[in-house]
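Trainee: Please walk me through a few features here.
Mentor: Gladly. Have the structure open.

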Amino acid sequence: MKKIEAIIKPFKLDEVKDALHEIGLQGLTVIEAKGFGRQKGHTELYRGAEYVVDFLPKVKVEVVCSDDMLDRAVEAIQQAARTGRIGDGKIFVSDIAEVIRIRTGERGEEAV
Ligand SMILES: Nc1ncnc2c1ncn2[C@@H]1O[C@H](COP(=O)(O)OP(=O)(O)OP(=O)(O)O)[C@@H](O)[C@H]1O
Ligand SMILES: [Mg+2]
């Protein structure tokens, strides 16, 4: 099993959610986040003054899926979240050792 953590632009959340639903993934977690990438935030005008904004609002979508769903899931997220402009975000993938469905006690891929 794999965990996908996708940091995306907040307004792309609905599209990403729908794209994951379309390929059959049912569970996900959304976390409000802030961060910066290579551009280290940007300079923003607010009430006539320039402020350096270090941290920009982002949304982190966490999805745990079976190994065979990984490629489809990453592709779905990438397509849905992409605008082609800076700050579109990043997708991190890591291994998951175990999943337990609390209600039933199922483990592993059955529980995802
Ligand atoms: N190396 C990283 N580790 C953890 N989080 C990161 C990393 N790089 C980016 N992020 C997160 O992803 C968000 C979006 O990053 P962003 O898309 O700006 O990356 P980038 O490398 O600057 O690419 P781009 O040039 O397309 O903007 C950041 O605000 C931050 O929350
Ligand atoms: Mg950036």
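Trainee: Is F36 exposed, partly exposed or buried, and what is its relative accessible area?
Mentor: First, the ground rules: this is a predicted model, where local features need pLDDT of at least 70, side-chain atom pairs count only at pLDDT 80 or more, and totals for chains, interfaces and linings use all residues. Residues are numbered from 1 along each chain as its sequence is written, and side-chain values use heavy atoms, without hydrogens and water. F36 is partly exposed, at 46%. Buried means under 20% relative accessible area, exposed over 50%, partly exposed in between (1.4 Å probe, protein chains only).

Trainee: Which ring pairs with F36, and how is the pair tilted?
Mentor: A pair of aromatic rings is described by the distance of the centres and the angle of the planes. Rings of Phe, Tyr and Trp (its six-membered ring) pair if their centres lie within 6.5 Å; planes under 30 degrees apart count as stacked, over 60 as edge-to-face and the rest as tilted. F36 pairs with F55, at 5.4 Å centre to centre and 50° between the planes. F36 sits in the loop between β2 (29-35) and β3 (42-46), F55 in the loop between β4 (49-53) and β5, so the pair ties together parts 19 residues apart in sequence. F55 is partly exposed too, at 45%.

Trainee: Where do the buried residues of α2 fall, seen down its axis?
Mentor: An α-helix has 3.6 residues a turn, so residues three or four places apart point the same way. The buried residues of α2 are L70, A73, A76, I77, A80 and A81. They fall within an arc of 135°, so they line one face of the helix. The face turned away carries exposed D71 and Q79.

Key: Chains are lettered from A and ligands numbered from 1 in the order in which they are written. Helices (H or I, at least four residues) and strands (E, at least two) are DSSP runs, numbered from the N terminus. The arc is that of the directions from the helix axis to the C-beta atoms.
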